[in-house]
Amino acid sequence: MLEIKNLSVGNILKGVNLTVPRGARALLSGANGSGKTTLVNAIIGHPDYKTSGQIILDGADISGMATAERMRVGLFVGLQTVPEIAGLSVMTFLKHSYMAHFGDVPIGEITGKLRAAMARLDIPDSWLARSINVGFSGGEKKRLMFLHLMIISPKMAVLDEPDSGADPDTRDLFGQIINEMPGTTFLIISHQQGWFTPTSSFEINELANGKNMI
């Protein structure tokens, strides 16, 4: 599903090769400052990160695509640090995100998926009127990220420390949800183990040294 070939990012990552097979739940670990988040930013096409090499998603080279275009062809990224957007409600954000992926669909289709995901995550209706991440705790920000993930159901999800700020019960819930999404392939960056069951595990230093990881 995701293949990275000879990817370099400045002086941080050199010659990274990585293959994440369709349906995998791959765990990427490594010390702070070792380049994990740099890899994530390269995958999403962050304009501040100058890269060389190839990033291939579901057989298509997305290396030259803008970030928004990468999302539309099936990539979802949950960032470690997320912005607060005052005045943009959770409902408005999720509705427009869904329509950006799936077109002008009936509102009932959106609300049906949204309600099911909210129930699974134990998210109250009051969240829908809240501004994106404004006043949210760390754990609430991660729940909102999983809510977005669940209604989009992307081909590929790259999650940068989705368990940070979440209590043990919430981490376990996130692990269950990951296992309940067989149509999505996951690359998960985490310092913790045990809250989900990876199909493969590797460290960023192995990638940075040019070792091909599958």
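**Exercise A**

Classify Lys155 as buried, partly exposed or exposed, and state which residue is its salt-bridge partner.

Solution. The accessibility classes set buried at under 20% relative accessible area, exposed at over 50% and partly exposed in between, with a 1.4 Å probe and protein chains only. Lys155 has a relative accessibility of 35%, so Lys155 counts as partly exposed. The model is predicted, with local features requiring pLDDT of at least 70 and side-chain atom pairs counted only at pLDDT 80 or more, while totals for chains, interfaces and linings use all residues. Residues are numbered from 1 along each chain as its sequence is written, and side-chain values use heavy atoms, with hydrogens and water left out.

The next step is the partner, for which a salt bridge requires a side-chain nitrogen of Lys or Arg within 4 Å of a carboxyl oxygen of Asp or Glu. Lys155 forms such a bridge with Asp58, and the closest N and O atoms are 3.0 Å apart. The pair links distant parts of the chain, 97 residues apart, with Lys155 in the loop between helix H5 (138–152) and S9, and Asp58 in the loop between strand S4 (51–57) and strand S5 (60–61). Helices (H or I, at least four residues) and strands (E, at least two) are DSSP runs numbered from the N terminus. Asp58, at 30% relative accessibility, likewise counts as partly exposed.

How many salt bridges does the structure hold, and which residues join into one network through shared partners?

Solution. The count for the structure is seven salt bridges. One of the pairs joins the side chains of Glu3 and Lys5, with an N to O distance of 4.0 Å; Glu3 is partly exposed at 31% relative accessible area, and Lys5 is partly exposed at 34%.

Another pair brings together the side chains of Arg115 and Asp125, at 2.5 Å from N to O. Arg115 lies in helix H4 (residues 107–121) and Asp125 in the loop between H4 and strand S8 (131–132), so this bridge ties together parts that are 10 residues apart in sequence. The network is made of Arg22, Asp58 and Lys155, which are joined by salt bridges that share partners.

**Exercise C**

Solution. Strand pairing is then considered, where two strands pair if DSSP finds at least two bridges between them.

Ile188 counts as buried, its relative accessibility being 0%.

**Exercise D**

Give the strand order of the open four-stranded sheet, and say which strands are its edges.

Solution. The order is S2-S1-S4-S5, with antiparallel pairing. Strand S2 (13–20) and S5 are the edge strands, each of which pairs on one side only. Within this sheet, strand S1 (residues 2–9) and S2 run antiparallel and are joined by five bridges, with Val16 in S2 as the bridge partner of Leu7.

**Exercise E**

Which residues place a charged end over the rings of Phe102 and Phe136?

Solution. The criterion asks that NZ of Lys or CZ of Arg lie within 6 Å of the ring centre and within 35 degrees of the ring normal. Over Phe102 sits the charged end of Lys113, 5.5 Å from the ring centre, and over the face of Phe136 lies Arg130, at 3.9 Å from the ring centre.

Solution. Most residues other than glycine have a negative phi. Asp122 has a positive phi near 55°; this residue is placed in the loop between H4 and S8 and is exposed, with a relative accessible area of 66%. Ser153 also has a positive phi, near 50°, and is found in the loop between H5 and S9, where Ser153 is partly exposed at 42%.
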